[in-house]
Every structure is written in structure tokens, then in C-alpha cells.
Amino acid sequence: MTETTDLIPRTLDAAALGADEPAWLADLRRAGLSVYRERGLPTVKVEAWKYTNLSGLTKIPFTQDDGALGPSDGAGRGALDLPDVHQVMLVNGRAVSLPGDLPAGVRMVRLSHLLATEPETVRPHLGQIADLSDAPMGSLNAALMGDGLVILVAPGVALDKPIHVVSVTDAPDGARHVHPRHLVVMGEGADATLVESRVTAPGAAESLSNAVTEIRLEARARLRHLRLVNVASEAVDLDLTETTLDADAAYDAFTLTLGGRLVRNEGRVRLRGTGAEARLHGAYGAAEGHHIDTTLVVDHAVADAISDQHFKGVVDAGGRGVFQGKVIVRRDAQRTDGNQLHQALLLARGAEVDTKPELEIYADDVKCSHGATIGELDPDHVFYLMARGIPESEARALLVEAFLDDVVEAVPEGPLREAFLGAVRVWQARRHAATWEA
Amino acid sequence: MALLEIKDLHASLEDDTSKAILKGINLTINPGEVHAIMGPNGAGKSTLSSVIAGRPGYVATSGSILYDGADLMDMEPDERARAGVFLAFQYPVEIPGVAMATFLKTALNARRKARGEPDIEALDFLKAMKANAKRLGVAEDMLKRPVNVGFSGGEKKRVEILQMAMMEPRMCVLDETDSGLDIDALKIVADGVNALRSPERGMLIITHYQRLLNYIVPDVVHVLAGGRIVKTGDKTLAETLEAEGYAAFTDAAAA
Ligand SMILES: Nc1ncnc2c1ncn2[C@@H]1O[C@H](COP(=O)(O)OP(=O)(O)OP(=O)(O)O)[C@@H](O)[C@H]1O
Ligand SMILES: [Mg+2]
């Protein structure tokens, strides 16, 4: 029999979880533990994990991260290079550097610090925004949650420049699993741009990052949430982000994922105030050996809210893209406007894409749409560019960028968009280099 | 040395090599010469231009094409273009998401890179682009739009010639550049083409109408029918064709 690894040791005593923490937090951990123990590591028989198989995790001799690592040499490589931002670096969820010059009304602190010094600040939010009872990996995070970043923006405060969180996963001395837990609370009318770069430390062993982020946008708050997931080919990176929006709040998310052995970006959005708007846009590039899963649930709980999901995937031979998008429109959510679109570009034979759109509509006066397309590069386009002297690899790269053009427009024009486009170009250059080597 | 030397060229679709479209084309274009090719629909004119440019899907089953002494068949389409072969397409494709200016700059830089030259200065590029746009009556904002997307038929043709002017090729092949152009545009585009005539440059102009040849006066006129060049003459041949049609030649080709 082969040895299998349990992410939670069978011997772990529920009573011992969170022993030196506030009781409410220990309860949270125990609730997570019981869900995870009941369900176990999700298999492909679980509908929400049908296309993403985690069984390989049991073959990796993981140990849990102890939260003590500092930044290694080159940590942050692969992150966006952004001028003029409030930058913070996390290693396995723990902030190793925090900016000192934040404007009044903005706090960026370690979760561990807040739990130790002012737990009551965290308590109304942590575990309250995200309902993880149906999420086995989210529950595992609840049980084992390590450190994370808390961002608090006071009502009416608009940040002067973007926050950039460089989130590094490291496993210097053997495989590690880590369960970062982040929290973002934006007060009424607050406004911020939060950029995240999720990367792997150079030379890291195999890793599993299983993060949960909870985001609360109070009335009229606006968050632009831009993410680059650029992890190593050995990395498994699972992220579950749950966002609730009060009246007239706006959440503009853009996620660009470029590689990773297995990446799952799970986004759950609850529109619980009228006039709220959520745009979940993104793109991904899956080359050989990469599996990229985007799973979205948008829940229209009230009337007159707007949601829009638009993802584009570029998949090469041996790569796989998964898109599961769901829109729920509750009985009271009249005049909902909910759209969903997934478009994939297959670059070669042996590229695979699975899409599962779902609309669950209980209201009668709604405007909802969903669509999915799968295509290839048009040979006439490639030829036209080549007929003007552009080499084939460059022509194809230009057309891939063109394909992504309209989703990338979700990123504010200027240095931010340039940085994301730069990441796409590096990815393409790397892909072509690999092709020529082969 | 001839600029373009086509010898006994037979060509067909890759998918159906049993059916020849070009059945033994012989054509020599020397530097400085302008040749016109006329011929009925389906004669193989665009196929000839496709084979010269290297469009996938077409194969030369026998014969040869030498460009400046080099075997074109050994070169990829992009290498041919960088070596100075330019095809103004009969049907330019629309490419959403690629800005015209980006495309032009990438094309120019690809050629410069192949020659070991540095990228073109942004300002020089803009200047050249604007000057050519002005000369060819292309509105500047069209260059900010994606390649050919939403351009009218005539606009596409003007922009093909704009590209040609920017690329400064040595061998220009124009496939029905006049179709879709109104009378004023025809003159503007012809002026643009004429401005590129030079002792080093050769041109092959495919057209159905003598009118274009009144503006771009050819040195040699060929009639292509049924995959063969059935008649070669001077510019007066175009006038004869305009008056009498192709009947005499299509009969000859069928025979
Ligand atoms: N891609 C293709 N698929 C099928 N048939 C083709 C293709 N390309 C050319 N042919 C056939 O080859 C013959 C020559 O076509 P070609 O386009 O070269 O003609 P042409 O002389 O340019 O005609 P026109 O004056 O109408 O532009 C025609 O019978 C055409 O149907
Ligand atoms: Mg034609």
C-alpha cells in the first residue's frame, strides 16, 4: 500500500484546536474541522470539484507551515512590478514587511496581531462574511487558518494609491501546506484599489496554498481587486474569496492566472444591497502541465443589482482550463441584470477546456445571459501578419494578446494595465521558448 | 538579375493536388518594371499572388519562383515579406484587438530586427505613418482602430497601400487593389503606387479594369486564363481587352 498524507492528522483533537485563542475563534476552527472531517478532501464525485482533481495531494509528503518563514532570496520574483503603490509582502500568509505611510483611516495589519491585541475588531467579520459550510477546502482553511492580512478602510476614505500585496508561497525544506486567511473591510463610501501578486518563492518545494479571503463592502464602497496568479509549476494554489456588497457598493475584480500545477480561483459574491454591482473579469493561460479552474457564484439576494462575469482562457497542448459560473437570482431579486461569458482559445491539439454555466433564477423580471465559446487562432489572421514580415511565434503572440484585449480592459489604463500586459507577454515568451526547445 | 522569375509554375490546393489551378506560368519581372495581369474570374490570378506570398493551403507542384536569385519556395511567408515581397490583398482580413499602429510598428521592427537594425524610434514611426496616411487620404483615427475592423472596402484598399508605402518592399504584388475604390480614391491610390515606382522596385498589378492602368501605366500586360498566361503585350493590350473581352483567350485556354 502506498503511504497517503492527511492534511489534518487523524489524531488531531478537536478540543485542542484554538486552545489559546478566543472561544469564538476556536468554535470557528472546530466548525471547519467537523465539515472537513465529514466531507474529506473533495473528489471529482463532488459536483463543485467535478473537473478539478485534488487526489494527487495525498501523495505529497506535506507538513503544515509553522508561520515562521522570512523572505528568501528572490522572494517576490514573478510579481507585478508596480510603481507608486503601498506594498506589502506576505510569506505563507504572514506579512514580513508592512508599509508605514498609509493615509489616515487605512489600516493594514497582520491577522495574528489583531487577534492578539484587539480581537473584537476582527470578530464581526472573520468567518461571518464567508459561509464555508459547503466548501470542504474553505472549511479546512477555517480549521487550520494561519496568519493573513487584514485591510480596514474607514468610511469615506479613498486611498491615494493602490495597495499591492505580494503573496509568496515558500517551502524551502520540503513540501508545505499553508492556509492563509485575509480580511478586507471597506466602510461606507470607501474607495480602494487592491492589487495582489500570488507567486512562489524561487526554489520552493511542492506547496499547497489554501487561502480564504473575506471582503465586506459597506454601502457605496468601491473596491477594484486586481490579481495576478503566477505560481510555479509545482504549486497547488487554491483561493476562495467571498465578497458581500451592501447597497450601491461596487466590486470590480480582475484575475489573471498564468500557470501553476493546479490553481483554483473560487469567487463567491453576495449582492445583498440594491444597486450593488459586481464585475468578475479575468483571463488565464494554461500551458503544458497547468490546470486552472475558475469557479464563480454570484448570488443576487435583492432587487436591482448588476453582475457581470467574463473570463477568457488561452490553453496550450497539455494545459487545462475549467470555468464554472453560477448566477443565483433569489425570489426578491427583481430587475436583476446578470451576465456570464467564458471564451476559450485553444492553441493546439491536446488543450482541454471544461465549462459549466448555471443559472438559478427564482425571480420573474430579470435580464440574465450566459455564453461559452471555444475557438482557435484564425489561420488567415496568422498569415496576414506573417505576410507583413512578422514571425509566426510573434504573430500568434500578438493574436493571443488581441484575444485577451477586451477582458484586460477591466484593468485601469496606465501602469496597472501595462504591468498585467507585461505579465502576459512574459508568459507568452516563456511558452514559445519551451516550444522551440521541444 | 531578374527581380522575380517564375518558371513553368504549376500550383494547386494542398488538399487537392490532382486539380491544377496554375498550369505552367512563366513570368519574369526585372527591377523597375511594372507588369499587369488581367484575366477572367477564376483564372488563377489570386492563386498566383498567394503562391508568391506563401499562403498556407496552396502548393507549387512543379516549377520555380526565384526572387532576387533566391528560391522563394524555401522561405516562410514572413521571411519573404522581410526580404521585400509585399502582397496587397484582394480581401484584407479584419483582426479585432490588434491596433493598426501596433501591427505596423511590429511589422517594421520585425524587418529591422532581421537586418540587425534597432527598433524604429517611436517619433519617426509616427511621422512616417502620418505622412503616408495623409498622402493616401487615410484618416489618422483609423490607425488607432484594430486592423481593418469596420473599414469600408475602399478604406481597406487604401490601408493596404499605406502598409506597402511603410514597408518599402522591392517586389509589390497588388491583387485587385482598384476594386472597391471610388473614382477619386482610385486616383489617390494610383498616385501612392506611382510614388513607389523606382528603378529598383518591381510591381505586379492584378486588375480587371483598364482604368487603373491609365493611372499606373504598365510596361507589360499579361492575360491569364485557365491557369496559363495566354497573351503578353504592351499597355495597348489592356485597351484591346477592355474593348473585346476575354472570349478569344478563354477559348484559347480551353483548347
Ligand atoms: N482556397 C480555395 N478553395 C477552393 N478553391 C479555390 C481556392 N483558391 C482558389 N480556388 C479555385 O481556383 C480557381 C482560381 O481562383 P483565383 O482566386 O486564383 O481566381 P482569380 O483569377 O483571382 O479570380 P477573380 O478575378 O474572381 O479574383 C478558381 O476556380 C477557384 O475557385
Ligand atoms: Mg482574385
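Colleague: Which residue of chain A forms a salt bridge with Arg55(B)?

Modeller: A salt bridge here is a side-chain nitrogen of Lys or Arg within 4 Å of a carboxyl oxygen of Asp or Glu. For Arg55(B), the closest N and O atoms of the pair are 3.3 Å apart. The partner in chain A is Asp380(A).

Colleague: Before we go on, how should I read the names and values?

Modeller: This is a predicted model, where local features need pLDDT of at least 70 and side-chain atom pairs count only at pLDDT 80 or more, while totals for chains, interfaces and linings use all residues. Residues are numbered from 1 along each chain as its sequence is written, chains are lettered from A and ligands numbered from 1 in the order in which they are written, and side-chain values use heavy atoms, with hydrogens and water left out.

Colleague: Which elements give two or more residues to the side of chain A that touches chain B?

Modeller: Elements are DSSP runs numbered from the N terminus, helices being H or I with at least four residues and strands E with at least two. By class, that side of chain A has 10 nonpolar, 2 polar and 5 charged residues (nonpolar: Ala, Val, Leu, Ile, Met, Phe, Trp, Tyr, Cys and Pro; charged: Asp, Glu, Lys and Arg; polar: the others, Gly among them). The elements asked for are helix 5 (379-386) and helix 6 of chain A.

Colleague: How much area do chain A and chain B bury between them?

Modeller: Buried area is the accessible area (1.4 Å probe) that two parts lose on being put together, summed over both. Of this area, 72% is on carbon and sulfur atoms. In chain A, Phe383(A), Tyr384(A) and Arg388(A) lose the most area to chain B, together 42% of what that side buries. The total for the two chains is about 1900 Å².

Colleague: Which residue of chain A has its backbone oxygen 3.0 Å from a polar side-chain atom of Arg82(B)?

Modeller: Arg82(B) lies in helix 2 (residues 77-83) of chain B. Counting contact as heavy atoms within 4.5 Å, and not counting residues up to four places away in sequence, Arg82(B) touches residues including Ile390(A), Pro391(A) and Ala110(B). The backbone oxygen in question belongs to Gly389(A).

Colleague: What is the order of the strands in the open sheet of chain B?

Modeller: Two strands pair if DSSP finds at least two bridges between them, and the pairing in this sheet of 4 strands is antiparallel. Strand 2 (16-29) and strand 5 (70-71) of chain B each have a single partner strand, so one side of each is left without a neighbour in the sheet. The order is 2-1-4-5.

Colleague: And what is the order of the 10 strands in the open sheet of chain A?

Modeller: The pairing there is mixed. Strand 3 (94-97) and strand 21 (366-376) of chain A stand at the edges, each with a single partner strand. The order is 3-2-6-9-11-13-15-17-19-21.

Key. A polar contact is a pair of N or O atoms within 3.5 Å; within protein, one must be able to donate a hydrogen and the other to accept it, and residues adjacent in sequence count only if both atoms are side-chain atoms.
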